[in-house]
Amino acid sequence: MTIQWFPGHMAKAKREVEEQLSLVDLVIELVDARAPYSSQNPMMQDVTSDKQKLIILMKRDMAEERVTQQWLDYFREQGKYALAVDVNQKDDIKQIVKQTKQISEHINERRKEKGINPRSLRAMIIGIPNVGKSTLINRLASKKQAQTGDKPGVTKKQQWIKIQGEFELLDTPGILWPKFEEEEVGYRLAAIGTIKDQILHLDDIAIYILNTMKQYYPDALVKRYSTLNLESDDVVEWFDAIGKQRGCLMSGGVIDYDQVADVIIRDLRQGHLGRVTFDQM
Ligand code: G4P
């Protein structure tokens, strides 16, 4: 795979996030529930190793519930806090505030033991692009939100937002690159729309989606594309069937494979293929 990031940009992003992290007690790392492994940031492990961590599996409404639960168990076994969230569910947002309150109480107990005064928990949200960082910050911050002002060491642009009287959140999320060491990871991130579509070929992404769905969700695939013959392993035959069914034709009735790939990718991202998790346990 030919994905290249400029080391200079990565180092700068890492340094900026490290500076912000030095100001907080809790790191809220957002991952995509459809790919909780692939959407983690590889740099985060060493950058945040000494921080309390809350992993939020975003877009749980688009992922397979059973596998999401397995991932939650896995993260909790590693000693992290973990929640699965659909930002459009008010109860899920309440869960985050409740969980943060518990973490804050634990941290303040430890401060008390060391003779340090308790204070409001400070947190920041980090994650790869498109995972839902801005949406979540907006949902957490109420409309009448008063900003609590600059704190020493915080650059002018950064503000702390008081979240429901429970904790303080940096209003700027930390954006970091996804992992790219494994080819599979690239395809999974492309399928869920994290990597720009130009980086990998659309037909390769579509074939990856079809193969994954054939393995884990064959019924959902045939429900959407009723003429698909999954007995066959011939992807051209699959594209022909989907193209005919969805009218992806060029002049002379020839199947337009680019259009077919586009249909498959859009169907997945819009939820028409059902709940799909790419990172299976
Ligand atoms: P970012 O800051 O991390 O880059 O991500 P952002 O908040 O912009 O969210 C990216 C997309 O993910 C948005 O959709 C947002 O609505 C969607 N999203 C975030 N959380 C959830 C969730 O829990 N469930 C679902 N289903 N979607 C979620 P968009 O299509 O880019 O914009 P829009 O349709 O919301 O306008």
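**Exercise 1. Which of the 15 residues around the ligand come nearest?**

Solution. The model is predicted: local features need pLDDT of at least 70, side-chain atom pairs count only at pLDDT 80 or more, and totals for chains, interfaces and linings use all residues. Residues are numbered from 1 along each chain as its sequence is written, and side-chain values use heavy atoms, without hydrogens and water.

Step 1. Asp 61, Asn 130, Lys 133, Ser 134 and Thr 135 come nearest.

Step 2. Sort the shell by class. It holds seven nonpolar, four polar and four charged residues. Here Ala, Val, Leu, Ile, Met, Phe, Trp, Tyr, Cys and Pro are nonpolar, Asp, Glu, Lys and Arg charged, and the others, Gly among them, polar.

**Exercise 2. List polar contacts of the ligand (N or O atom pairs within 3.5 Å).**

Solution. Step 1. Take the ligand nitrogen. An N or O atom in the side chain of Asp 61 is 2.7 Å from a nitrogen atom of the ligand.

Step 1. Take ligand oxygen. A polar side-chain atom of Lys 133 lies 2.7 Å from an oxygen atom of the ligand. For Gly 132, a backbone N or O atom is 3.0 Å from a ligand oxygen atom.

**Exercise 3. Is Leu 26 buried or exposed?**

Solution. Step 1. Buried means under 20% relative accessible area, exposed over 50%, partly exposed in between (1.4 Å probe, protein chains only).

Step 1. Leu 26 has 0%, so Leu 26 is buried.

Key
Near = heavy atom within 4 Å. Polar contact = N/O pair within 3.5 Å; in protein donor to acceptor, adjacent residues only side chain to side chain.
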